[in-house]
Amino acid sequence: MRFFATAPRGRRSYFVPVIKSDPSTWADQRHRDGEAAERRAADLLIADGYAIIEQRYRFHHHDVDLIARRGNVVVFVEVRSRRSARFGKAIETVRSGKQRDLVRAASSWLQRHGRPGDVARFDVVAIQAGRMEWVQSAFRPLWR
């Protein structure tokens, strides 16, 4: 893909070819990395005795990466992955807006598929530079 730069206004214009890699390949690689991170997180939960009920649950524009169950505890898991800590930690990217979206999607899921006595918990699995960190009860929702 080629992009062209022009001279500043008032000067004779000229074109200089600028060659950039195709941005669609970036998105494809990030998507594959995200799926691999979700698989690693699912393996971690399974090894700890949880059953994965659903992956990539969507409710309108809200989504939950993993939904797992052990007994009457339903765990809604957000998976975050970063290659390095250059721009901050992966765990820090689950801010209040994302938490609100997770709670809305979880509420929808519980209304449709929940059992009496289910307890919801919100966890975050952060994978950064190959190291995995599982934060259980990462935040508590304010149910309305």
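Me: What share of the contacts with a separation of 6 or more comes from residues 24 or more positions apart?
Reply: The share is 49%. Keep in mind that this model is predicted.

Me: What makes up the secondary structure of the protein?
Reply: There are two helices and seven strands. Along the sequence they follow the pattern β-β-α-β-β-β-α-β-β.

Me: How much of the protein counts as buried?
Reply: Of its 144 residues, 31% do. The cut-off for buried is under 20% relative accessible area.

Me: Why is Lys98 called buried?
Reply: Its relative accessible area is 17%. Buried means under 20%. The value 17% falls under that cut-off, so Lys98 is buried.

Me: Where is Lys98, and what is it in contact with?
Reply: Lys98 sits in helix H2, residues 96-113. Leaving aside neighbours within four places in sequence, Lys98 is in contact with Asp63, Glu78 and Arg80.

Me: What makes the link between the side chains of Lys98 and Asp63 a polar contact?
Reply: The distance is 3.0 Å. A polar contact needs a pair of N or O atoms within 3.5 Å, one able to donate a hydrogen and the other to accept it. The Lys98 and Asp63 side chains are joined by such a contact.

Me: How do you know that the length of H2 agrees with its number of residues?
Reply: H2 has 18 residues. At 1.5 Å a residue, they should span 26 Å. The end C-alpha atoms are 25 Å apart, so the two values agree.

Me: Which residues of H2 are buried, and what covers them?
Reply: They are Lys98, Asp101, Leu102, Val103, Ala105, Ala106, Ser108 and Trp109. The cover includes strands E3, E4, E5 and E6.

Me: What lies around Ala42?
Reply: Leaving aside neighbours within four places in sequence, Ala42 is in contact with Ile52, Gln55 and Leu66. Ala42 and Val125 are 83 residues apart in sequence. In space they are 9.6 Å apart, C-alpha to C-alpha.

Me: Why is Arg56 called partly exposed?
Reply: Its relative accessible area is 44%. Buried is under 20% and exposed is over 50%. The value 44% lies in between, so Arg56 is partly exposed. Arg56 belongs to strand E3.

Me: And why is Ala129 called exposed?
Reply: Its value is 60%. Exposed means over 50%, so Ala129 is exposed. Ala129 is in the loop between E6 and strand E7.

Me: What is the volume of the largest pocket, and which residues are closest to its centre?
Reply: The volume is about 630 Å³. Of the 22 lining residues, Arg30, Asp33, Gly34, Glu35 and Ser81 are closest to the centre.

Me: Which element supplies the largest share of that lining?
Reply: H1 does, with nine residues. H1, E4, E5 and E6 each supply at least two.

Me: How does the lining divide by class?
Reply: It has twelve charged, five polar and five nonpolar residues.

Terms used:
Residues numbered from 1 in each chain as written. Predicted model: local features only at pLDDT ≥ 70, side-chain atom pairs only at ≥ 80, totals over all residues. Heavy atoms only, no water. 1 Å grid on protein atoms, 1.4 Å probe; cavity = no way out; pocket = protein on both sides within 12 Å on 5 of 7 lines; lining within 4 Å. Points joined across faces, edges and corners; volume = space filled by probe spheres on them. Helix = DSSP H or I, 4+ residues; strand = E, 2+ residues; numbered from the N terminus. Nonpolar A, V, L, I, M, F, W, Y, C, P; charged D, E, K, R; others polar. Buried < 20%, exposed > 50% of the residue type's maximum accessible area, 1.4 Å probe, protein only. Contact = heavy atoms within 4.5 Å. Expected span 1.5 Å × (residues − 1).
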